[in-house]
Amino acid sequence: MARFSDNQTQDFYSLASSGIQELQPYQPGKPVDELERELGLTDVVKLASNENPLGPSESVVDGLAKVMRELARYPDGSAYRLKEKLASRLGVGSNCVTIGNGSNDVLELLVRVFLRPGNEAIVSQHSFVVYPLATRAIGADLRVVPAKNYNQDLEATLNCVTNKTRMVFIANPNNPTGTWIDKVSLEDFVSQLSQDVLVVLDEAYFDYVTEPDYPDGIEFFKRYPNLVVTRTFSKAYGLAALRIGYSVSHPDIADLMNRVRQPFNVNAMSLEAAEIALDDQAHVQRSVEVNRQGISVLTRACDDMGLKYIPSVGNFLCIDFGRDAMPIYEVLLSQGVIVRPIGVYEMPNHLRVTIGTPDENERFIESLKRVLA
Ligand SMILES: *Cc1c(COP(=O)(O)O)cnc(C)c1O
């Protein structure tokens, strides 16, 4: 407890709900500015947060000037135009779409609607840390299913479902492992699951995946009404700073989420940027191509160095150093290269590296060679 004044007799932690007392806050990747200040450098490379190394579409940058003149006005709280646009692209009703302040916001809305103390959510070991954070914050129970080859074990997940289970989180592909679930496995799983258990299928990296057996969650949602798909503009669309994502769900689920969201949960810049970004699919394709080439350069470099890694379909790669990776992370930092340690994911020997531009990838590979020499 922090003592704020001599008058203080109260420990505020003891007043907080017990789920929150036990939480550790989310640890973001180290910001470029911070490391540049610390090291006195100007050319720091950040490959730590799975951001798009190409940045946003030029048309987004141009289009935002128009919104700036309207900053005194509240945004469209119903996100009417963006919802219509997404709905027609995805072939769903606009009453199935919920827009969030990042897909993180949408995940939190789902948790608030469906989880409470006494019921339970299931996650996989090594899966995205936001799911346990949101679940614990609300005071619901969390069940962690051991992973199989770093991937979610859906058979084991099914065996863990009890009458307390309300939600199963599946990141496809998963962050930080880059592993993915194929169509048949997903179908097997969802078809056997009781409809009173919600499947939250997080497709943050959807655009990067080119495997023919990779399932499109929207097709599944059309057949399984208890499945909710979440997607984001933070990754392939290059809008991480603006915080905008969405879910596609049964209209009743969307209606429930709409009851608990903030009236203006998404700001006007983000709404406009997302609309423009959707119209620039060429930028998304370029981003996917840069990623495809980058990941092959990185995996080849790992092969040359004799380093193991987890095959990834995302825009990042988990490298296994076979020993505590923290010292390697620290030396990379001192050379101006920020990657992501993932001890919090029970993977202390791995570092997660985001695929960058060709130059950024070279910087990382050269630094890594120096570190391991
Ligand atoms: C990056 C990421 C997200 C996206 O979060 P936003 O809040 O939309 O920026 C969601 N899920 C996973 C698994 C991610 O890695």
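Reader: By class, how many nonpolar, polar and charged residues does the shell around the ligand have?

Author: In this predicted model, 13 residues surround the ligand, and D202, Y205, T232, S234 and K235 are the closest of them. Sorted by class, the shell is made up of four nonpolar, six polar and three charged residues.

Reader: Which side chains place a polar atom by the ligand, and how much of the ligand does the protein bury?

Author: A polar side-chain atom of D202 lies 2.6 Å from a nitrogen atom of the ligand, while T232 brings a polar side-chain atom to 2.5 Å from a ligand oxygen. The side chain of S234 has an N or O atom 2.6 Å from an oxygen atom of the ligand. Taken alone the ligand exposes 390 Å², and the share of that area buried by the protein is 93%.

Reader: Why is strand β10 described as largely enclosed by the rest of the structure?

Author: In a regular strand the side chains alternate between the two faces of the sheet, so each face can be examined separately. On one side of β10 stand F316, C318 and D320, on the other L317 and I319, and all of these are buried. The strand spans residues 316–320 and is largely enclosed because the number of its residues that are buried is five of the five.

Reader: Which residue of β10 is the bridge partner of K308?

Author: Strand β9, residues 308–310, pairs with β10 in the antiparallel sense over three bridges. The two strands form a hairpin, with five residues between them. Within this pairing, the partner of K308 in β10 is D320.

Reader: Which residue in β13 stands opposite L317?

Author: β10 is also joined to strand β13, residues 347–354, by five bridges, and these two strands run antiparallel. L317, which is one of the buried residues of β10, has as its opposite residue in β13 V353.

Reader: With which residues does K30 form salt bridges, and is K30 buried or exposed?

Author: Side chains of opposite charge can pair when their charged atoms come close. K30 forms a salt bridge with E34, where the closest N and O atoms are 3.1 Å apart, and its side chain also meets that of E38 in a salt bridge at 3.2 Å, N to O. E34 counts as partly exposed because its relative accessibility is 28%. K30 has a relative accessible area of 16%, under the 20% cut-off, and therefore counts as buried.

Reader: How many residues apart are R81 and E272, and which network of salt bridges links them?

Author: The side chains of R81 and E272 meet in a salt bridge, with 3.3 Å from N to O. This pair links distant parts of the chain, R81 lying in helix α4 (residues 80–90) and E272 in helix α11 (residues 268–279), 191 residues apart. R81 counts as partly exposed at 49% relative accessibility, whereas E272 is buried at 14%. The structure holds 18 salt bridges, and the network that links this pair consists of K66, R81, E272 and E275.

Reader: How far apart in space are S247 and L107?

Author: S247 is found in strand β8, residues 245–248, and counts as buried because its relative accessibility is 0%. S247 and L107 are 140 residues apart in sequence, yet the distance in space, C-alpha to C-alpha, is 8.5 Å.

Reader: What phi values do N149 and Y150 have?

Author: Most residues other than glycine have a negative phi, and most peptide bonds are trans. N149 and Y150 are found in the loop between β4 and α7. N149 counts as exposed at 70% relative accessibility, whereas Y150 is partly exposed at 31%. Neither is a glycine, and phi is positive in both, near 50 degrees for N149 and about 70 degrees for Y150.

How values were computed:
Residues numbered from 1 in each chain as written. Predicted model: local features only at pLDDT ≥ 70, side-chain atom pairs only at ≥ 80, totals over all residues. Heavy atoms only, no water. Near = heavy atom within 4 Å. Polar contact = N/O pair within 3.5 Å; in protein donor to acceptor, adjacent residues only side chain to side chain. Areas by Shrake-Rupley, 256 points an atom, 1.4 Å probe, with all protein chains shown as cover. Nonpolar A, V, L, I, M, F, W, Y, C, P; charged D, E, K, R; others polar. Buried < 20%, exposed > 50% of the residue type's maximum accessible area, 1.4 Å probe, protein only. Helix = DSSP H or I, 4+ residues; strand = E, 2+ residues; numbered from the N terminus. Pairing = 2+ DSSP bridges. Salt bridge = Lys/Arg side-chain N within 4 Å of Asp/Glu carboxyl O.
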